Amino acid sequence: MGSRQVTSWQGKNITVAGLGVSGISAARALAGLGASVTVVDGGDGEGHRAKAAELADLGVSVRLGDAETLPEGTDLVVTSPGWKPDSPLFAAAAAAGVDVVGDVEIAWQLRGSRPGRTPAPWLAITGTNGKTTTTQMLASILRAAGLKTAAVGNIGTPIIDVVLGEEEYDVLAVELSSYQLHWAPSVRAHSAAVLNLAPDHLDWHGSMEAYAADKGRIYEGNTVACVYNVADPATERLVEEADVVEGCRAIGFTLGSPGPSMLGVVDGILVDRAFVENRQKNAQELAEVSDVTPPAPHNIANALAAAALARAFGVPPRAVRDGLRDFRPDAHRVAFVDEVAGVAYVDDSKATNTHAAEASLAAYEPVVWIAGGLAKGATFDELVQKSAERLRGAVLIGADRALIAAALARHAPDVPVVDLGRTDTGAMLAAVREAARLAEAGDTVLLAPACASMDMFANYNKRGDAFADAVRELAAESA
């Protein structure tokens, strides 16, 4: 699949799907380049009308309350990432022979449009879990090497704004979701990594095969390195299937001792056997496991992937160490909240699917697990089977908690389970109190929901905040 390169936007009729952050960014940028832009959105609330008024001042038309009809004369549709491929608007575009692309594709096409500026290479990262952390780690390493960089894409400033902005970068650390990759057929990274693959967003992609294929697009046209997870053979298969520039190398990362063309761990040291002379015999020390925060296994894997991409770009070993030391993860990612009565409370609200929850649970023992929310079509048997021996107990909240309860009954029948039967925001305080009752000194109470948050909270951040607030209230009561 390819996309027709637009050589001039002047006078082009562009339809932008969605009045969110990326949609507004695309509309502003393309209008500024001379395109005639119409934004369509199914909403028609006060917030939508306020955004429409701001865009109208820039000469952008906005059609609210109708997200299905293709505006007459459309030359190209630019979609926000979350819009499903089977949306009626896209069916209408296909029938009219009109391409549909995303904001990442537009950014890629615009990256060379600033006169006198050399486009910054992209180091790209995707995966079911760990994308944001790994991208931020990579940016920290690149900065430690003295390079001008930014973490963009699925995080931070809209990527179009970065490409067209005043700042000039040496290299960009680009997080790409499966949605974004689906709509970005022309992107060709310097090097890229797929961290892992597990069922997620299958309601959007339609199948695991389609989801994996979209993730695999990140490797297309890579010039230096395709980084894969040795522990996840599906990522290596994506490398094998990719059409890359001749000479591009497959580079693995592993929590074990690395073979040639891999990065791994030896005696608590992160080592490189890929970007060294005589990699059959030599290894380069990069950092210590203790340089990574937190030093949980899944986060060490993130650090190795980030290091591999940095090394592919020529970053020296010392910068890998310094960048990892400087990095601190965002809130709600395996974040220690407090210790109350000898029990540690950890917030991993960002664990919104089973794969992320499994990695989080694997970092602690014994655990009282707080879980539940919107399952997004997921099943929980494998997660419970792998984690059962670590569980002191489980407290379930949210709309799809019965699915987790059933898996616990099947595979961990001796684990005490509290089903709160609640989906209100106040359920979190009750969940923390029940978890405290089940926990013993030395245990960890872990919020790793394995589900999305929108049944109870605006987003996973609000869910994590509610957990932290509940822990602080528990601590105050225990003082």
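This is a predicted model: local features need pLDDT of at least 70, side-chain atom pairs count only at pLDDT 80 or more; totals for chains, interfaces and linings use all residues.

Reader: What makes the strands an open sheet, and which strands stand at the edges?

Author: The sheet has 9 strands in the order β7-β8-β6-β9-β10-β11-β12-β13-β14, with mixed pairing. β7 (151-153) and β14 (284-288) each have a single partner strand, so one side of each is left without a neighbour in the sheet. That is why these two count as the edges. From one strand to the next the twist averages 25°.

Reader: How do you know that β6 and β8 pair?

Author: Pairing asks for at least two bridges between two strands. Between β6 (residues 122-126) and β8 (residues 172-175) there are 4 bridges, and the two strands run parallel. In this pair, L123 stands opposite A173, and A124 stands opposite V174.

Reader: What makes β7 and β8 partners?

Author: The cut-off of at least two bridges applies here as well. β7 and β8 are joined by 3 bridges and run parallel, with G153 standing opposite E175 of β8. Together with helix α6 (residues 159-164), β7 and β8 make a right-handed β-α-β unit.

Reader: Which way do the β8 side chains point, and are they buried or exposed?

Author: L172 and V174 point one way, A173 and E175 point the other way, and all are buried.

Reader: What does helix α11 touch in the sheet?

Author: Helix α11 (residues 297-312) packs on the sheet and touches β6, β9 (191-194), β10 (225-229), β11 (249-253), β12 (262-266), β13 (269-272) and β14. The direction of α11 makes about 135° with that of β12.

Reader: Why is C248 called buried? And what about C451, buried or exposed?

Author: Buried means under 20% relative accessible area. C248 has 15%, so C248 is buried. C451 has 0% relative accessibility and therefore counts as buried.

Reader: Which value makes A341 stand out, and where is A341 found?

Author: A341 has a positive phi of about 55° although it is not a glycine. Most residues other than glycine have a negative phi. A341 is found in the loop between β15 (335-340) and β16 (343-347). Its relative accessible area is 67%, so A341 is exposed; the cut-off for that word is over 50%.

Reader: What is the phi of A450, and is A450 buried or exposed?

Author: Phi of A450 is near 65°, a positive value in a residue other than glycine. A450 is found in the loop between β20 (444-447) and α17 (460-478). With 1% relative accessibility, A450 counts as buried.

Definitions and conventions. Residues are numbered from 1 along each chain as its sequence is written. Side-chain values use heavy atoms; hydrogens and water are left out. Axes are lines fitted to C-alpha atoms, for helices over the stretch in contact, and angles run from 0 to 180 degrees between N-to-C directions. Contact means heavy atoms within 4.5 Å. Buried means under 20% relative accessible area, exposed over 50%, partly exposed in between (1.4 Å probe, protein chains only). A crossover is right-handed if, with the strands pointing away from the viewer, the path from the first strand over the helix to the second runs clockwise.
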